[in-house]
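Thanks for coming. I will go through one model today, moving from a loop to a sheet and then to the helix packing. Please have the sequence and the structure open.

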Amino acid sequence: MAIHFDVVRDGRHFSARPDNGRTFPIAARVRFLNRRTGVERFGLSNDSGFFGSPEAGKQRFVGKDYEDVHGFWSAFIEPTAICEGQSFISLNTYDRARFTFGFGQFAAHVPDGDFIVWFRDMLQRPEVLDYFPNLEVRGGRIVKIEADRVVAMEDANSAEKLQLYLNPTLDDVEDAEVIAAAKLIHWTTNHSDARLLQVQHMINTARRLVKEADRRLGLDGKTADLCCIVMDVRHHGRAGFDELQRALLAGNPFDALLKVGAESEPERCKNLKTALKTRGAGLSQKTWSRANGDFI
């Protein structure tokens, strides 16, 4: 039977109570102003202050916790995880993506993107009936089951219907938005296999981005610390291949790569540099092998 979640509001802070059980925090209502267009939007975010709580601390991704399953790749994705908040239950619903979730900040607005691919797999887990009983995967696509019809929620061209299902508007925070967030937070918190699936999908994303960058930039034989920065730039979307190519050809490619996108995203670049300070040495011991499609 599906778990029912009651929304609990306390000013700008939102929590949820599952079937009259223990109330748990979701996020705070935040305002987002698009500087280019001047459009004001509102949504949820649990980035600021939220992760200081003991509950949230238990949900942090730490690479060494997954070495037995994923080996070196769990260490490779950790710097990016740190930059994205590092929590399995990280949440943002205030920008054009409408809904991003997880320590890799999977974003729901990209057709066949990381969120969509991950969510399809989540919907095929046995716990799905507890959380999203009206959603299924049919023919490789997410659909909503209504009384007399099946509604396609995403396809190769658009994920808009799924975005609206998770977050109806950007004008304010609706109950549907809070409940969707509550379901994913509760599911992820209470099922270790759901967290493991999130790690697998972030590694899949990282592997895909490294292979794509290798085709464009020639990463064969490059150390994993350099590949890690390239992957982070592409995952975050703060620069293109031309800028990355120039940085790779610089006298000190490590420092040059860390500066890519710094003009528009200085905080992200600073956080990545800090994350690599204690992890770069371990990463630099591995190199990308095009022939193996892996680090060796």
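Helices and strands here are DSSP runs numbered from the N terminus, a helix being H or I over at least four residues and a strand being E over at least two. This is a predicted model, in which local features need pLDDT of at least 70, side-chain atom pairs count only at pLDDT 80 or more, and totals for chains, interfaces and linings use all residues. Residues are numbered from 1 along each chain as its sequence is written, and side-chain values use heavy atoms, with hydrogens and water left out.

I start with Gln59, which sits in the loop between helix 1 (54-57) and helix 2 (67-70). Buried means under 20% relative accessible area, exposed means over 50%, and partly exposed is in between, with a 1.4 Å probe and protein chains only. Gln59 has a relative accessible area of 6%, so the residue is buried. Contact means heavy atoms within 4.5 Å. Leaving aside neighbours within four places in sequence, Gln59 is in contact with Gln86, Ser87, Phe88 and Ile89, and also with Thr188, Thr189 and Arg195.

Thr188 and Thr189 take us to the packing of helix 8 on helix 9. In that contact, Trp187, Thr188, Thr189 and Asn190 of helix 8 meet Ser192, Ala194, Arg195 and Gln198 of helix 9. For the classes, Ala, Val, Leu, Ile, Met, Phe, Trp, Tyr, Cys and Pro count as nonpolar, Asp, Glu, Lys and Arg as charged, and the others, Gly among them, as polar. The contact of helix 8 with helix 9 has 2 nonpolar, 5 polar and 1 charged residues.

Now the geometry. Axes are lines fitted to C-alpha atoms, for helices over the stretch in contact, and angles run from 0 to 180 degrees between N-to-C directions. The axes of helix 8 (residues 175-190) and helix 9 come within 5 Å and cross at roughly 100°. Helix 8 is therefore roughly perpendicular to helix 9. On that scale, under 35 degrees is roughly parallel, over 145 roughly antiparallel, 65 to 115 roughly perpendicular, and the rest oblique.

Helix 9 has another partner, helix 5. The axes of helix 5 and helix 9 (residues 192-217) come within 10 Å, at a crossing angle of roughly 145°. The crossing of helix 5 past helix 9 is right-handed; a crossing is left-handed if the near helix is turned anticlockwise from the far one by less than a right angle, and right-handed if clockwise. Helix 5 contributes Asp114, Val117, Trp118, Asp121 and Met122, and helix 9 contributes Ala194, Leu197, Gln198, His201 and Thr205. By class, the residues of this contact are 5 nonpolar, 3 polar and 2 charged.

How many residues of helix 5 are buried? The count is 7 of the 9, so helix 5 is largely enclosed by the rest of the structure. They are Asp114, Phe115, Ile116, Trp118, Phe119, Arg120 and Met122.

Strand 8 is joined by 4 bridges to strand 9 (residues 141-145), and the two run antiparallel. Within this pair, Glu136 has Val143 in strand 9 as its bridge partner.

Helix 10 (residues 224-236) and helix 13 (residues 266-277) pack at about 150°, with their axes 12 Å apart. The two are therefore roughly antiparallel to each other. Helix 10 passes helix 13 in a right-handed crossing. The contact is made by Cys228, Ile229, Asp232, His235 and His236 of helix 10 with Arg268, Leu272 and Leu276 of helix 13.

Last, two alanines. Ala256 lies in helix 12 (residues 253-258) and counts as buried at 18% relative accessibility. Ala291, in the loop between strand 11 (288-289) and strand 12 (294-295), counts as exposed at 79%.

How values were computed. Pairing = 2+ DSSP bridges.
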